[in-house]
Amino acid sequence: MTEKSEITNKEYVVEDCVFFRNIYQISKYIHWGALPVDIFTGSDGKLVFAFTKETHEKFRERWLSCKRDVS
């Protein structure tokens, strides 16, 4: 299913994306150069950031390493 972001104005395929609510993870991804394809509020009123699966794969190991360092 294709969506068009009201925030970024980008069209994206929902199945090709991952969706995060963890603001720490989101901020790391953005700091490392990732750009979300969409930002919206979930049914719980919290912000949700959508990134492509390709972007997630690019930063996944880095995130897991960073996450281990915080624990």
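Strand 3 and strand 5 run antiparallel and are joined by 4 bridges. Helices and strands here are DSSP runs numbered from the N terminus, with at least four residues (H or I) for a helix and at least two (E) for a strand. Two strands are said to pair if DSSP finds at least two bridges between them. The model is a predicted one: local features need pLDDT of at least 70 and side-chain atom pairs count only at pLDDT 80 or more, whereas totals for chains, interfaces and linings use all residues. Residues are numbered from 1 along each chain as its sequence is written, and side-chain values use heavy atoms, with hydrogens and water left out.

Let us take Phe 19 as a point of entry. Phe 19 sits in strand 3, which covers residues 17-20, and its bridge partner in strand 5 is Ala 50. Phe 19 is partly exposed, at a relative accessible area of 35%; the classes are buried under 20%, exposed over 50% and partly exposed in between, with a 1.4 Å probe and protein chains only. If residues up to four places away in sequence are not counted, Phe 19 touches Val 14, Phe 40, Val 48, Phe 49 and Ala 50, where contact means heavy atoms within 4.5 Å. For Val 48, the separation from Phe 19 is 29 residues in sequence and 6.3 Å in space, C-alpha to C-alpha.

Strand 5 has a further partner. It pairs with strand 4, residues 38-41, in the antiparallel sense over 4 bridges. Within that pairing, Phe 40 stands opposite Val 48, and Thr 41 has Leu 47 as its bridge partner. The two strands form a hairpin with 5 residues between them, and in the turn Gly 45 has a positive phi of about 85°.

Which residues make up the largest nonpolar core? There are 11: Val 18, Phe 20, Ile 26, Tyr 29, Trp 32, Ala 34, Phe 49, Phe 51, Phe 59, Trp 63 and Cys 66. Such a core is a set of buried Ala, Val, Leu, Ile, Met, Phe, Trp, Tyr and Cys residues joined through side-chain atoms within 4.5 Å. At least two of its residues come from each of strand 3, helix 1 (23-31), strand 5 (47-52) and helix 2 (53-70), with helix 2 giving the most, 3 residues. In soluble globular proteins, nonpolar side chains tend to be buried together.

Ring pairs link Phe 20, Tyr 29, Trp 32, Phe 51 and Phe 59 into a cluster. Rings of Phe, Tyr and Trp (its six-membered ring) pair if their centres lie within 6.5 Å, and planes under 30 degrees apart count as stacked, over 60 as edge-to-face and the rest as tilted. The count comes to 8 aromatic pairs.

I turn to the loop between strand 1 (2-4) and strand 2 (11-13), where Ser 5 lies. Ser 5 is buried, at 2% relative accessibility. Asn 9 is found in that loop too, but is exposed at 53%. Its phi is near 65°, a positive value in a residue other than glycine.

Finally, the cysteines. Cys 17 is buried at 7% relative accessibility, and Cys 66 is buried at 13%. How many disulfides are there? The count is 0, a disulfide being a pair of cysteine sulfur atoms within 2.5 Å.
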